[in-house]
Amino acid sequence: MRTPGMVGGSMLTRRLFCGCLPLAATIVASNAFAAAPDCAVFTPERRNAVSPAEAIERLKAGNQRFVSGATINCDLMAQVKETAHAQAPFAAILGCIDSRVPPELVFDQRIGDVFCARIAGNFVDTDILGSFEFATKVAGARAIVVLGHSSCGAIKGAVDDVKLGNLTAMLANIRPAADAVKTDAERTSANHDFVQAVAEENVRRAVAQLTERSEVLAALVEAGELRIAGAMHDLATGKVTFLA
Ligand SMILES: [Zn+2]
């Protein structure tokens with residue numbers, strides 16, 4: 001009786017003998033990638049056909065694929081070639097630098113799909129505002145998502161008032177969110193619920209500041225050409241929950 005492995009070995013041997021292995025390998029390789037439209041890169045026309053609300057829904061659907069293990073496997077080098085001379089991403093994401101929350105992966109997006117700005121604690125400053133004004137007003141992205149996450153080290157640092165080099169000034173951007181969260185419980189990073197509440201407050205503040213501090217973004221939202229949303233990623237599950 002043959003084991004499955006032996007059967008495979010015998011088939012491989014026959015392919016080698018008949019000289020058709022390169023063909024078989026080509027078929028296997030092409031089948032490994034999803035086909036259009038899933039892997040079609042965004043063009044200005046395709047991007048413009050996505051409404052701001054649909055842009056958010058695309059990201060939600062992408063995270064659903066991510067958590068269910070159904071991510072789309074595209075030929076990334078084909079996408080590199082197709083986007084070499086132009087890009088038309090449908091969304092922009094402000095995320096944390098945390099290695100466990102790469103926006104393209106958790107939203108199941110690929111080359112040319114989304115702009116990403118990442119900074120520890122995903123807060124808004126002048127450079128982030130300028131980056132997103134480019135991503136939307138100039139380059140046409142239809143939505144911005146501020147993506148915070150659970151157990152964020154930057155949030156913990158701000159909560160504990162950590163002092164270290166340039167980190168001190170950076171964490172000052174997050175302190176207002178920590179100060180705004182009311183609790184009778186311990187106000188340190190040891191309090192998981194407090195850290196989570198501050199992270200959510202920090203996201204809400206970033207969402208508000210994108211329009212409060214940018215006339216360009218505010219005008220796009222006012223015109224219905226841009227939607228801005230906040231969301232939290234759960235490190236334990238990979239799931240992204242959009243804030244109401
Ligand atoms: Zn973080």
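A contact here means that the C-beta atoms of two residues, placed from the backbone, lie within 7 Å. What you have on screen is a predicted model: local features need pLDDT of at least 70, side-chain atom pairs count only at pLDDT 80 or more, and totals for chains, interfaces and linings use all residues. Residue numbers start from 1 along each chain as its sequence is written.

The inventory comes next. The chain has twelve helices and five strands. Of the 244 residues in the chain, 33% are buried. Buried means 20 or more other C-beta atoms within 10 Å of the residue's own, exposed means 12 or fewer, and partly exposed is in between, again with C-beta atoms placed from the backbone.

Now the sheet. In what order do the five strands lie? The order is β2-β1-β3-β4-β5, in an open sheet with mixed pairing. Two strands count as paired if DSSP finds at least two bridges between them. The edge strands, each pairing on one side only, are β2 (114-118) and β5 (240-242). On average, neighbouring strands are turned by 25° against each other, direction ignored.

Going through the pairs, β1 (residues 91-95) and β3 (residues 143-149) run parallel and are joined by five bridges. L94 stands opposite V146 in β3. Strands β3 and β4 also run parallel, with seven bridges joining them, and G148 is opposite M232 in β4. The antiparallel part is β4 with β5, which pair over three bridges; there, A231 has F242 in β5 as its bridge partner. β4 and β5 form a hairpin with six residues between them, and G238 in the turn has a positive phi of about 80°.

As for cover, five of the seven residues of β4 are buried, making this strand mostly covered. Helix α4 (residues 52-67) lies across β1, β3, β4 (227-233) and β5, and runs at about 15° to β4.

On to the core. In soluble globular proteins, nonpolar side chains tend to be buried together. A nonpolar core, as used here, is a set of buried Ala, Val, Leu, Ile, Met, Phe, Trp, Tyr and Cys residues joined through C-beta atoms within 7 Å. The largest one has 53 residues, and those with the most contacts inside it are A91, A92, A143, I144, V145 and I155. Its largest share, eight residues, comes from α11. Neighbours within four places in sequence aside, A92 is in contact with V114, F115, F132, A135, T136, A141 and I144.

Next, a helix pair. The axes of α7 (residues 126-138) and α12 come within 9 Å and cross at roughly 35°. The crossing is left-handed, meaning that the near helix is turned anticlockwise from the far one by less than a right angle; clockwise would be right-handed. F132, E133, T136 and K137 in α7 meet V216, L217 and L220 in α12. By class, that is four nonpolar, one polar and two charged residues. Nonpolar covers Ala, Val, Leu, Ile, Met, Phe, Trp, Tyr, Cys and Pro, charged covers Asp, Glu, Lys and Arg, and the others, Gly among them, are polar.

S214 is in the loop between α11 (192-212) and α12 (215-222). Why is S214 classed as buried? Because 21 other C-beta atoms lie within 10 Å. Beyond its neighbours within four places in sequence, S214 is in contact with L129 and E133.

Last, backbone angles. Most residues other than glycine have a negative phi. D108, in the loop between α6 (103-106) and β2, has a positive phi near 50°. D108 has 19 C-beta neighbours inside 10 Å and so counts as partly exposed. D161 sits in the loop between α8 (153-159) and α9 (167-171), and its phi is near 55°. With 13 C-beta neighbours inside 10 Å, D161 is also partly exposed.

Conventions: Helices (H or I, at least four residues) and strands (E, at least two) are DSSP runs, numbered from the N terminus. Axes are lines fitted to C-alpha atoms, for helices over the stretch in contact, and angles run from 0 to 180 degrees between N-to-C directions.
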